[in-house]
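Trainee: Please take one part of this model and go through it closely with me, keeping to what can be read from the coordinates. I would like to see how that part sits in its surroundings before we look elsewhere.

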Amino acid sequence: MVDSTGAAGTSHGTVRIRDGAAASPAMESVFANFRQYLMGWGATEPPDLGVDLFRSGLAAPQFNGVVRVRQTAGTDVAAVRRELTGVPWWWWVGPDSPEGTADALRHHGGRQLTVMPVMMRPLGEPVAGHGRPDDARTRSGLHVEPVRDGGRLRELVRTYRTSMGIGPGPEAGMVRAESQRGDNADIVRLAAVLDGRVVGTTVLITAHSVAGIFLVHVAAELRRQGVATALTSAALRVGRERGMHFAALVAGPAGEPLYRRFGFTTAYWYRLFDFPD
């Protein structure tokens, strides 16, 4: 669900949200979809920690962390931190964690990096003007195609890695993690291709009746030229073809206006925390 702007670096202290706010059945499916996607990077079951924790081992915080607190009793934050020692990581706090989770993290040294909107829209009739990926007209020759394996998968990973500001070191591990996900039957990877090279990416997970849209990234030299629009159009089409009821994503500041034009609205928020050394 996280779009091309990345997650960290923007503080939204004026946003008023309440931990543990009850989610609708549709939103419960959205958060289940999001958890499945993140846990797919490397689910682990530490004993008695009461959290959904994933650890890929990759040297980027997007691929390691905590996505939910399951238990209502106090969580052993120190034990969770020990479990994630040695990798960069984030702690996601949404309505699927108990009320007071954010305050508990602050108490244990957590730092709120940002507040990110969780946006969704029904997958019924297409939004006028955005029912098909025809925005490639802004760049002659641009098209969107599925990516399965081989060199194209490596190119897709390289494109979103570069856009995310991740160095080349983790790239081989990222390609391996993509190809070895246990839920690859639910995953659709899309590449925007121009002149034979990948210039934009998105990854969908179609699960829990939701098309979760992740890793919307565009090469820096082609931003604001319709590439993200074409990718989003294609993602919505794939979600409808797979019989999903909703599309959902977590938006960064640059992507939010685009998604609103597609009919997405903000339903909840995630707070994103890290623990400085």
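Mentor: Contact here means heavy atoms within 4.5 Å, while helices (H or I, at least four residues) and strands (E, at least two) are DSSP runs, numbered from the N terminus. This is a predicted model, in which local features need pLDDT of at least 70 and side-chain atom pairs count only at pLDDT 80 or more, whereas totals for chains, interfaces and linings use all residues. Residues are numbered from 1 along each chain as its sequence is written, and side-chain values use heavy atoms, with hydrogens and water left out.

Let us look closely at helix H5 (residues 171-179). Its buried residues (buried being under 20% relative accessible area, exposed over 50%, and partly exposed in between, with a 1.4 Å probe and protein chains only) are Glu171, Gly173, Met174, Val175, Ala177 and Glu178. These buried residues of H5 pack against H4, strand S7 (187-194) and strand S9 (210-218).

The partner to follow is helix H4 (residues 150-163), which packs with H5 at an angle of about 120°, the two axes lying 10 Å apart; axes are lines fitted to C-alpha atoms, for helices over the stretch in contact, and angles run from 0 to 180 degrees between N-to-C directions. That angle makes H4 oblique to H5, since angles under 35 degrees count as roughly parallel, over 145 as roughly antiparallel, 65 to 115 as roughly perpendicular and the rest as oblique. H4 passes H5 in a right-handed crossing, the term used when the near helix is turned clockwise from the far one by less than a right angle, with anticlockwise giving left-handed. On the H4 side the contact is made by Leu153, Arg154, Val157, Arg158, Tyr160 and Arg161, and on the H5 side by Glu171, Met174, Val175, Glu178 and Ser179. Sorted by class, this contact of H4 with H5 has five nonpolar, one polar and five charged residues, where Ala, Val, Leu, Ile, Met, Phe, Trp, Tyr, Cys and Pro are nonpolar, Asp, Glu, Lys and Arg are charged, and the others, Gly among them, are polar.

Strand S9 holds Leu215, whose phi is near 55°, a positive value in a residue other than glycine, and Leu215 counts as buried at 7% relative accessibility. Asp195 lies in the loop between S7 and strand S8 (197-207); its phi is likewise near 55° and positive, in a residue other than glycine, yet Asp195 is exposed, with a relative accessible area of 73%.

Among contacts between residues at least 6 apart in sequence, 75% join residues at least 24 apart. The end C-alpha atoms of H6 are 21 Å apart, in agreement with the span its 15 residues should have at 1.5 Å a residue, the expected span being 1.5 Å times one less than the number of residues.
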